[in-house]
Amino acid sequence: MAFHDPGFADGPDPLSRDAVLAAVEARLLTAFGEPTGRAAVTFLGADRIEVLRFGPGDAGDPGDAGGPADAALVRYATLGMAAAPMADPTAAVTDPVRGPRAELLLSVRGGRDDVLRTLAVLAATPQVEGLVVAPGAALDVGGPLWAGAPFHSVLVAEPGGLVADLELDAPADPVRFLPLLPMTPNEAAYKRVHGAAALQDRWLRHATDLRDPRRRAVELD
């Protein structure tokens, strides 16, 4: 069902930043419940990006009480990336309404709250660098995903598994919620050579827990 309220016919724009982000947040709360934390980051030349945290308690060290396999799952979701469509940086003219819209999702056992700024940086790249984030892409964060993480990049996965697409009023594209899968440097190198599908097949064949913040790289030989 499209996000539309007939009462807005002569009122506020249903595709305004505030209206779109209100609908995005409502969709996230429907999927995950009330957030247990949120942070806001503003970058020069970009609108504010928020990151919502969904999960029990405080994010600590998953080495506590049972280890990563038994730690509670924490999900992080960006809020702000979908306010405007992503545009091809080579396009002569950008459309303020049409074009892909997305928010980013990351799931981590035990949580890692110092990933909040990293996620905000990734969500701001369409505004700052003109990057179109789409499934199959690799995003390099230029360092550990969080303090001490063995992952320096993420693979953008297909949407729909965690949060359903959010339809907006025509002619706007729907908002897609894109899961991020952490990659070790070796996995990222393998993906560059063999492609995203080949890496995901490796993960699947080895039953890799991609939500484990301490997992080792999958066998690539």
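In this predicted model, a polar atom of the Thr78 side chain lies 2.9 Å from the backbone nitrogen of Leu104. The side chain of Thr78 also makes a polar contact of 2.7 Å with the side chain of Glu103. Thr78 belongs to strand S3, which covers residues 73–79. Is Thr78 buried or exposed? Its relative accessibility is 0%, so Thr78 counts as buried. Setting aside residues up to four places away in sequence, Thr78 touches Leu28, Glu50, Val51, Glu103, Leu104, Leu119 and Ala123.

Let me place this residue in the whole chain. The protein chain has four helices and seven strands. Read from the N terminus, their order is α-β-β-β-β-α-β-β-β-α-α. Of the 221 residues, 44% are buried. Among contacts between residues at least 6 apart in sequence, 62% join residues at least 24 apart. The chain exposes about 10900 Å², and carbon and sulfur atoms supply 52% of that area.

I turn now to the interior. In soluble globular proteins, nonpolar side chains tend to be buried together. Here the largest nonpolar core has 30 residues, and those with the most contacts inside it are Tyr76, Leu104, Val133, Leu145 and Leu180. Several elements supply at least two residues each to this core: strands S2 (49–54), S3, S4 (101–109), S6 (153–156) and S7 (175–183), together with helix H2 (116–129). Which element gives the most to this core? That element is H2, with six residues. As for Val133, its contacts beyond four places in sequence are Met81, Met86, Leu104, Thr125, Pro126, Leu139, Val156 and Leu178. There is also a second, separate core of 19 residues, with Leu15, Val20, Ala23 and Leu105 among them.

Eight of its nine residues are buried, so S7 is largely enclosed by the rest of the structure. S7 runs parallel to S4, and five bridges join the two strands. Within that pairing, Leu105 has Pro179 of S7 as its bridge partner. With S6, S7 pairs in the antiparallel sense over four bridges. Val154 stands opposite Pro182 in S7.

Two points of backbone geometry follow. Ala170 and Pro171 are joined by a cis peptide bond, with omega about 10°. Pro171 is found in the loop between S6 and S7. The other point concerns Ala207, in the segment after helix H4 (196–205). Phi of Ala207 is near 50°, a positive value in a residue other than glycine. Ala207 is exposed, with a relative accessible area of 67%.

The average pLDDT of the protein chain is 88, and 87% of the residues score at least 70. Where does pLDDT stay under 50? One such stretch is residues 1–9, for which the model has eleven contacts beyond four places in sequence. Residues 61–66 also have a pLDDT below 50, and this stretch has eleven contacts in the model beyond near neighbours in sequence. Where pLDDT is low, the predicted coordinates should not be read in detail.

Terms used:
Residues are numbered from 1 along each chain as its sequence is written. This is a predicted model: local features need pLDDT of at least 70, side-chain atom pairs count only at pLDDT 80 or more; totals for chains, interfaces and linings use all residues. Side-chain values use heavy atoms; hydrogens and water are left out. Buried means under 20% relative accessible area, exposed over 50%, partly exposed in between (1.4 Å probe, protein chains only). Contact means heavy atoms within 4.5 Å. Accessible areas come from the Shrake-Rupley method with a 1.4 Å probe; for residues, only the protein chains shown count as cover. A polar contact is a pair of N or O atoms within 3.5 Å; within protein, one must be able to donate a hydrogen and the other to accept it, and residues adjacent in sequence count only if both atoms are side-chain atoms. A nonpolar core is a set of buried Ala, Val, Leu, Ile, Met, Phe, Trp, Tyr and Cys residues joined through side-chain atoms within 4.5 Å. Two strands pair if DSSP finds at least two bridges between them. pLDDT is the predictor's confidence in each residue, from 0 to 100.
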